[in-house]
Amino acid sequence: MLQLYSLRPLIPTRNSGSSLSSSKRWTPISTFHADIMLINYKEKRKMSSRRTWRTMDSTVKISTSRRVNSNLSNMDSKSSPQRVQDSGAKLLMASLLSYYIVRLMPVNFKKTALEVVRESFCYAVRTFGASNSPFACISNSLNKAPTLQLDISWPSFQVSRWNFARLAYLFNIQLERNVATFFIVLLAACFSFVIIGGFLFFKLRGSTQSLEDCYWEAWACLCSSSTHLKQRTRVERVIGFVLAIWGILFYSRLLSTMTEQFRNNMHKIREGAQMQIMESDHIIICGVNNRLGFILKQLNKYHEFAIRLGTATSRRQKVLLLSDIPRKQMDRMADNMAKDLSHIDVLTKSCSLSLTKSFERAAASDARAIIILPTKDDRYEVDSDAFLSVLALQPLHLMATVPTIVEVSSSNTCELLKSIAGLKVAAVENVTSKLFVQCSRQKGLIKIYKHLLNYRKNVFNLCKFPHLAGLNYRQLRRGFQEAVVCGLYRDGRIYFHPNDEEVLEETDKVLFIAQVHGKKNPQLSYPHEVKDKDISINNVQTLEKNSEFLNRALDFSRERLENIVKRPKRSGSKASDTTLGPKECILVLGWRPAVVEMIQEYDNYLGPGSVLEILSDVPLDERYKACKLAGQGKLKNIRVSHRVGKPMDYSTLEHTIINIRKSFKKDEDVPFSVAVISDKEWQVGDLSRADKNSAYSLLLAESICAKNGVKVQNLVAEIIDSKLGKQITRIRPSLTYIATEEVMSLVTAQVAENIELNEVWKDILNAEGDEIYVKDIDLYMKEGENPSFNELTERAYLRREVAIGYVKSNKKVINPVPKSEPLGLELNDSLIVISELEGEQPVVMV
């Protein structure tokens, strides 16, 4: 058996009373160090080890005292230091050998053996120190076990009360987080009563009944209160009575807990914050504003039309509304908006629009499209909220295939949102101000926009024709007789006026106006008969042959086309090719921050000397502040003047109109128009109030102008409710209402169905791109002519314009069919074109 020893260095000492020749004494250096090490080691051991060592300490002290006495006597008789050194050398060799053996042991065994070595080492050190110390017989205070200062007194009443209050507090917190916690506590208490009652029954009845039967009887007393009446002895009746009372309490609390849990779950379902949407191919609309109703109506029309064409994937389209407002309020709004919509189902969900978890629970990755609407009036808050919502969508998987349509207030935000990787974002700029300016200057333009945005009529379409690759643009433009070809969509950009010699590529898409035919695209019309199953319809030679026939059919109109002058290829003013815009005077009734954008838009269309008068009761300081915040630059063509007053006050409005007419010379014929917009204060609260005020101001302005003999070119008002606008125009045909919010929502809904149409509408609704104009027909025909629409299309093309329809007897026609028959137009009729410039007459001859 291996014995472990510990060697401590010894130094020779001399007795003070002895001579030089007397024997030397050897004293250990680290005697007190070993004791200190033992104290530190004791503090690290377990309580059980402490008790063991206390028992061993007493034994060690007795044996140590005996060994000291024997060693003193031996050292007195054998005072030879050589023997002590030999003993030390042996101990050193044994210690080193023990250390190397321990190091060579396996790792698993080493941990177990290390504890044994430590205890043996401590015991050897204590024994060796005690045997070599001259004062070992004296009690060492360091070796005494420290007294545990345990407070075994009962806690005070305040402490106990605080502890119980703390337990109740923790339980209430857990109960608030999950009502099922109380259900678990009830079950635990119930089984505890059953176990205790069954055990008491077993003790009282002895061996007459088994323990299992006693437990079952206790459970019967708890379940059925009449069971305790069958007990025979007094004590058993008391136990049964207690179990019966607890059973009644248990079932009552259990019923209330389950009811509360059910109510809590129903509340979560009603709120919808934590409910997972299990839908696919649904449309998600984030945010609620006054354009939501128009978007839902447009989606309903589109799905109805898709069902008729056979392209719909379900009988009813699912639309999910996400908003941070309470769900009850959302449900009321959705019921009012969707009560007449029979082809969509509107679901609501109240959640945060800046959290990824909200979109994950809404199954955004499986959606057909996501529409993010602005919910605030401040343009900066609108853009920041839209940016946060788009960032919340980015961590989701498979979002690159889901189109995300975001309404923003500036073009800079559009570019920022497009730069976010992993998303298919189409930023739709809010151009209600630009749309209002365009429609206020051209009577009937708003009806054309609504026509092009109505799926039941002719709309913009983008389709690929890979079998027509290789044909030039002239052949495409003249070949489609059921549609109006407007341009090409190439590399993410739209081109309204490509060259006739431009060759169609396989990746190009043709932009045309026609009715939606589902999966069936319009075909080229051929003068020769072609069977339906004839594969030569996709042959380029056949297409070229028929297009040459169409070219020859149009050659007879060359003489009349030569009478039409061409538009120059350089860009000019929006008003004309070489001259500036027309000089006009416009009175604007009302004010809101968006008027700043309207002022800038008017400056792009009107010529020098134009006047823009603004009448509103909004203070001037607030107007100037809005202009400064919007960064309005120096105006080039118009002069803006502000007046403070109520637009609905008769005397104030009459005084303003008369002063404007007096500011111009009598012989100067300056067109005068009145535009009524929704005032800032009118929009507070119910939006119908703003419509009523706008309609009243418009009728009041018409009455004042008629009474004072003031000639008005346009009388327009911004009205949100289309029903009210139609009612006003039915009574007063000279008045025009502009539902800019409705048109903007229709654009958003159409982009949601085809994201590539965003570039088309961005170009049309922007003052810097091509726009839709209603121009006089005398620019394209002479008196006595009766041209067909194909001839008018060729004449418009010479002016770098795209003819899409005409207005005859105040009735608009978009994409007329057939196009080769004479139209019978008069000189007071108009032609609807897509043009970059507004010029009323060409200036360059062919």
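Strands and helices here are DSSP runs numbered from the N terminus, with at least two residues (E) for a strand and at least four (H or I) for a helix. Four bridges join β3 to β6, and the two strands run parallel. Two strands count as paired if DSSP finds at least two bridges between them. The model is predicted: local features need pLDDT of at least 70, side-chain atom pairs count only at pLDDT 80 or more, and totals for chains, interfaces and linings use all residues. Residues are numbered from 1 along each chain as its sequence is written, and side-chain values use heavy atoms, with hydrogens and water left out.

Strand β3 also pairs with β4 (residues 317-323). Four bridges join these strands, again in parallel. Here the bridge partner of I285 is L321. Between β3 and β4 the chain passes through helix α9 (residues 292-309), and this β-α-β crossover is right-handed. Right-handed means that, with the strands pointing away from the viewer, the path from the first strand over the helix to the second runs clockwise. Buried means under 20% relative accessible area, exposed means over 50%, and partly exposed lies in between (1.4 Å probe, protein chains only).

Helix α13 (residues 411-418) has the buried residues T413, C414 and L417. Seen down the helix axis, they fall within an arc of 110°, so they line one face of α13. The arc is taken from the directions from the helix axis to the C-beta atoms. The face turned away from this buried side carries the exposed residues N412 and E415. The cover over the buried residues includes α12 (379-393), β7 (403-408) and β8 (424-429). Contact means heavy atoms within 4.5 Å.

Three loops hold backbone exceptions. Most residues other than glycine have a negative phi, and most peptide bonds are trans. D281 has a positive phi of about 60° although it is not a glycine. D281 sits in the loop between α8 (234-271) and β3 (283-286), and D281 is partly exposed at 31% relative accessible area. S809, also not a glycine, has a positive phi of about 55°. S809 belongs to the loop between β20 (802-808) and β21 and is exposed, at 57%. The peptide bond from V817 to P818 is cis, with omega near 0°. P818 lies in the loop between β21 (811-814) and β22 (830-835).
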